[in-house]
Amino acid sequence: MDDDDHQEEAPEQVKLFGMWASPYVLKVRWALSIKGVEYEYVEEDLRNKSHDLLEHNHVHKKVPVLLYRGIPVAESDVIVEFVDEAWSHRGGRILPDDPHERAMARFWVRFVHDKCSEQRY
Ligand SMILES: N[C@@H](CCC(=O)N[C@@H](CS)C(=O)NCC(=O)O)C(=O)O
């Protein structure tokens with residue numbers, strides 16, 4: 001398999017650390033669903049975070065974290081863009097191709113993040 005070919009990815013190569021009530025995790029699950037990516041899901045207890053979560057996101061220690069071929073990707077907006085690019089030929093594009101439309105999409109993502117970060121989880 002070519003390194004850039006993510007079409008035939010084995011499900012065990014993709015793992016998501018999440019928490020059921022997190023809007024950030026939900027966003028990543030939607031992105032993986034749009035692309036039809038199979039993955040292993042690990043539910044985290046945020047009062048007792050797993051060693052794996054702390055190791056893979058030692059900067060923020062938060063969910064979601066996507067583990068791709070053993071390499072961690074953290075921060076939901078970064079993960080969504082990674083999923084969009086890594087599986088670019090699968091499903092629809094998540095972010096628009098037009099630079100201005102992409103900027104607008106990122107503006108609204110940031111707006112929702114700011115609103116969500118006012119909540120406590
Ligand atoms: N900026 C992060 C926010 C993620 C976040 O706040 N996750 C919460 C759950 S909704 C979390 O892991 N909280 C645990 C903690 O703050 O210790 C992202 O977009 O992924």
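Visitor: What makes strand β1 largely enclosed by the rest of the structure?
Guide: Four of the five residues of β1 (residues 14-18) are buried, so the strand is largely enclosed. Buried means that 20 or more other C-beta atoms lie within 10 Å of the residue's own, exposed means 12 or fewer, and partly exposed covers the values in between, with C-beta atoms placed from the backbone. Strands are DSSP runs of E with at least two residues, and helices are runs of H or I with at least four, numbered from the N terminus. This is a predicted model, in which local features need pLDDT of at least 70 and side-chain atom pairs count only at pLDDT 80 or more, whereas totals for chains, interfaces and linings use all residues. Residues are numbered from 1 along each chain as its sequence is written.

Visitor: How do you know that β1 pairs with β3?
Guide: Two strands pair if DSSP finds at least two bridges between them. β1 and β3 (residues 65-68) have four bridges, in the antiparallel sense. Leu16 stands opposite Leu66 in β3, and Val14 has Tyr68 as its bridge partner there.

Visitor: What is the sense of the pairing between β1 and β2?
Guide: β1 pairs with β2 (residues 40-43) in the parallel sense, over four bridges. Phe17 has Val42 in β2 as its bridge partner. The chain passes from β1 through helix α1 (residues 23-35) to β2 in a right-handed β-α-β crossover: with the strands pointing away from the viewer, the path from the first strand over the helix to the second runs clockwise.

Visitor: Why are β2 and β4 placed at the edges of the sheet?
Guide: The four strands form an open, mixed sheet in the order β2-β1-β3-β4. β2 and β4 (71-74) each have a single partner strand, so one side of each is left without a neighbour in the sheet.

Visitor: Why are α1 and α3 called roughly parallel?
Guide: Their axes come within 9 Å and cross at roughly 5°, α3 comprising residues 76-86. Axes are lines fitted to C-alpha atoms, for helices over the stretch in contact, and angles run from 0 to 180 degrees between N-to-C directions. Angles under 35 degrees count as roughly parallel, over 145 as roughly antiparallel, 65 to 115 as roughly perpendicular and the rest as oblique. The two helices α1 and α3 are therefore roughly parallel.
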